[in-house]
Amino acid sequence: MERDDEGAVTEQSQASVDQIAVGDCMDSTDDSVVYDVPVVPCSEEHDEEIFGEFELSGDSFPDATALEDESNEKCVAMFNEFVGMDYFDSELDFYTLTPTEDGWNEFNDRTVNCVIVDPAGKITGSLKGAAR
């Protein structure tokens with residue numbers, strides 16, 4: 001994966017989930033568990049954008065409900081700041097990329113990525129400040 005001096009992706013490629021960062025734009029994948037994702041420059045048409053990330057706390061892998069609750073709470077707060085309006089009033093949506101139990105135990109993966117999407121279709125540019 002190639003990045004410019006400001007850290008933006010410069011060409012379409014596959015990136016490991018541990019290489020992606022806030023501001024990266026991606027095309028969607030149908031895989032339920034991903035190790036690599038298709039990244040693209042945000043200036044090109046794409047499906048989604050990483051708008052936030054955080055580290056899970058705790059010593060043991062959280063159960064599904066706790067993982068979903070913490071991810072939703074933190075991503076909704078970041079969504080509101082990123083988009084410039086309340087998530088529950090927005091036409092945009094998000095999902096989370098969360099660690100697997102194997103990734104947690106074998107690679108100490110604690111990162112949750114918050115990923116914004118426009119249910120209406122493809123995006124060109126960033127949704128930062130979209131206020132819709």
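## Cys-75 and Cys-114

A disulfide joins Cys-75 and Cys-114, with 2.0 Å between their sulfur atoms. The model in which this pair is found is predicted. The torsion about the S-S bond of Cys-75 and Cys-114 is about -75 degrees, so this disulfide is left-handed. Because Cys-75 belongs to helix H1 (residues 64-84) and Cys-114 to strand E6 (residues 111-117), the pair ties together parts that are 39 residues apart in sequence.

## Cys-25 and Cys-42

Cys-25 and Cys-42 also form a disulfide, and their sulfur atoms are 2.0 Å apart. This link is right-handed, with 100 degrees about the S-S bond. The pair connects distant parts of the chain, 17 residues apart. Cys-25 sits in strand E2 (residues 25-26), whereas Cys-42 is in the loop between strand E3 (36-40) and strand E4 (48-55).

Cys-25 has 0% relative accessibility and therefore counts as buried, the cut-off for buried being under 20%.

## Disulfides in the whole structure

When the bonded cysteines of the chain are numbered in sequence order, the pairing reads 1-2, 3-4.

In summary, the link of Cys-25 and Cys-42 is right-handed, while that of Cys-75 and Cys-114 is left-handed. The former involves strand E2 and the loop between strands E3 and E4; the latter involves helix H1 and strand E6.

How values were computed:
Residues are numbered from 1 along each chain as its sequence is written. This is a predicted model: local features need pLDDT of at least 70, side-chain atom pairs count only at pLDDT 80 or more; totals for chains, interfaces and linings use all residues. Side-chain values use heavy atoms; hydrogens and water are left out. A disulfide is a pair of cysteine sulfur atoms within 2.5 Å. Helices (H or I, at least four residues) and strands (E, at least two) are DSSP runs, numbered from the N terminus. Buried means under 20% relative accessible area, exposed over 50%, partly exposed in between (1.4 Å probe, protein chains only).
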